[in-house]
Amino acid sequence: MPNQKTYQPNDLNSIIKIRMGETKLGEKINRNWQADEVKFVILGIAEDIGVRVNRGVGGTHTAWESFLNAFLNIQSTKMLSGAEVGIYGCLSFDDLKVNSESVEVIDNEVVKAISEIVSLEKIPIIIGGGHNNAYPIIKGVSQTKKQAINAINLDAHSDFRVQEGRHSGNGFRYAFDEGFLLKYAIIGLHENYNSEAIIDEISQNSNINFSFLEDIFLREKMTFKAAILQAIDFTKNAPTGIELDLDCVENVLSSAMTPCGISSTQARQYIYQTATLTDVAYLHICEGATQLATGQASTLTGKLISYLASDFMKAFNHRGTDYTD
C-alpha cells in the first residue's frame, strides 16, 4: 500500500546545514503547509513504476530525497525567504507490483493529495516519479477547480500514447480524453523518439500545439524563447500546469537520458518564462534520478531540481516587478 511520509520540524532540521552569518531556506520554511502565508506546497513522489511499465529505466523514485537535501540548504533571501513554502510530504509506493493496475493506485493517491493542496488555493510543486503522474495531477487540479485546465510540457516525448493501460507514456492522453486537459502545448519534441502516427494525430488536433527540438536548434526556424512564448500564448485561456521532463535536459540522469538536448540553463529559462507569464496551476518536475537501475549515479540531479523549483517560486513571487529594486 502507498506510504505518505510527512516531515516534522526535527526531520527538516536534521537536513539543514547551519552556517554562521547565513540563513538557509530550510530554517525559514513554514512547518505548517496549510498556513495562510504559504503560497507553494511541495509534494514528493517516490516511484518508478509508471516508468518501468513503459519499458523505461527505473530509478525515478530516488530524486525526491536528493532534491529535499539540496533545496533546504539554499539561501533564504528577499527573492525567496522560505516562509511562503510548505512541504506536504512524500508519497512512496515500494510495495506495489510493476503493472498498470499499480499505476492506477498511484493515480488515486496523487489525486487526493493534489486536491487537498489546491482546495486551499495553494500552488502544488510536484517533485520526483515518472511522467505518469501528469494525469492524476491534472485530474486533481481540474476536479478541484471545477474546470478543465491546460498544460505546457518541455519534453523529448509527447507522452500521448494510446490508452493501453496506465504508464508514463500516456498521462496526457488519459487527461485529455477524460476532459481534464483542455489544451496541451509541447516544446522541443525529438523527431527520433515520437512515432509518425502520434505526430500525425497531434498535428491534426487543434487543442494541441508542439515544436520540434530540431526546428529550434538545427533548422533554426524559431528561437527557443519563441517556442516558449508560442506555448504560453496557446494556453493563455485557462489555468496552466507547467511540466518539465528531465529526459530532455542534456546528460541529466533520467529514465530516458539524452546526450543531445537542452542545457540546464535553458531549462531554467523555460521555468522562469512560464512562471512569469502564465496563469499557473502547478509545477511538475519528473523523470529525474540520482541512481538508475543500471547503476549509473549522480549527486547533481537533486541540485538541478532545486534550482528549477526555486526559479519557479522566485519568478512567481516577483511577477511584474524589477529585480533590481
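**Helix, sheet and cores**

Mentor: Start with α11, where Gln266, Ala267, Tyr270, Ile271, Gln273, Thr274 and Ala275 are buried. Keep in mind that this is a predicted model.

Trainee: Does the length of α11 fit, or what span should its 14 residues have?

Mentor: At 1.5 Å a residue, α11 should span 20 Å. Its end C-alpha atoms are 20 Å apart, so the two agree.

Trainee: Which strands pair with β8, and in what sense?

Mentor: β5, residues 149-154, pairs with β8 in the parallel sense over five bridges. β9, residues 280-286, also pairs with β8 in the parallel sense, over six bridges. The chain gets from β8 to β9 through α11, residues 264-277, and this β-α-β crossover is right-handed.

Trainee: Zoom out. What's the strand order in the sheet?

Mentor: The order is β1-β3-β2-β4-β9-β8-β5-β6-β7. It is an open sheet of nine strands with mixed pairing. From one strand to the next, the twist averages 15°.

Trainee: Let's do β2. Why call it largely enclosed?

Mentor: Because seven of its seven residues are buried. Phe40, Ile42, Gly44 and Ala46 point one way, and Val41, Leu43 and Ile45 point the other.

Trainee: Which strands does β2 pair with?

Mentor: β2, residues 40-46, pairs with β4, residues 123-127, in the parallel sense over five bridges. With β3, residues 85-92, β2 pairs in the parallel sense over seven bridges.

Trainee: What stands opposite what there?

Mentor: On the β4 side, Gly44 stands opposite Ile127, and Leu43 stands opposite Ile126. On the β3 side, Ala46 stands opposite Ser92.

Trainee: Where does α6 sit relative to the strands?

Mentor: α6, residues 134-145, lies across β4, β5, β6 (181-189), β8 and β9. Relative to β9, α6 runs at about 165°.

Trainee: Now the packing. Which residues touch the most other members of the largest nonpolar core?

Mentor: Tyr270, Phe312 and Met313, out of 57 residues in that core. Helix α12, residues 301-317, supplies the largest share, eight residues.

Trainee: What does Phe312 contact, sequence neighbours aside?

Mentor: Leaving out residues within four places in sequence, Phe312 contacts Phe40, Ile123, Ile125, Ile242, Ile271, Ala275, Val280 and Leu283.

Trainee: How many residues are in the second core?

Mentor: 44 residues, in a separate core. Among them are Ile45, Val141, Leu189 and Ile199.

Trainee: Is Asp159 buried or exposed?

Mentor: Buried, because its relative accessibility is 8%, and the cut-off for buried is under 20%.

Trainee: And Glu220, what is its phi and where is it?

Mentor: Glu220 has a positive phi of about 55° and is not a glycine either. Its place is the loop between α9 (213-217) and α10 (224-234). Glu220 counts as exposed, because its relative accessibility is 63%.

Trainee: Last one. Where is Ser255, and what does it touch?

Mentor: Ser255 is in the loop between β8 and α11. Ser255 is buried, with a relative accessible area of 9%. Not counting residues up to four places away in sequence, Ser255 touches Val51, Gly56, Val57, Thr60, Glu287 and Leu292.

How values were computed
Residues numbered from 1 in each chain as written. Predicted model: local features only at pLDDT ≥ 70, side-chain atom pairs only at ≥ 80, totals over all residues. Heavy atoms only, no water. Pairing = 2+ DSSP bridges. Helix = DSSP H or I, 4+ residues; strand = E, 2+ residues; numbered from the N terminus. Right-handed = clockwise from strand over helix to strand, strands pointing away. Core = buried A, V, L, I, M, F, W, Y, C linked by side-chain atoms within 4.5 Å. Buried < 20%, exposed > 50% of the residue type's maximum accessible area, 1.4 Å probe, protein only. Contact = heavy atoms within 4.5 Å. Expected span 1.5 Å × (residues − 1). Axes fitted to C-alpha atoms, helices over the stretch in contact; angles between N-to-C directions.
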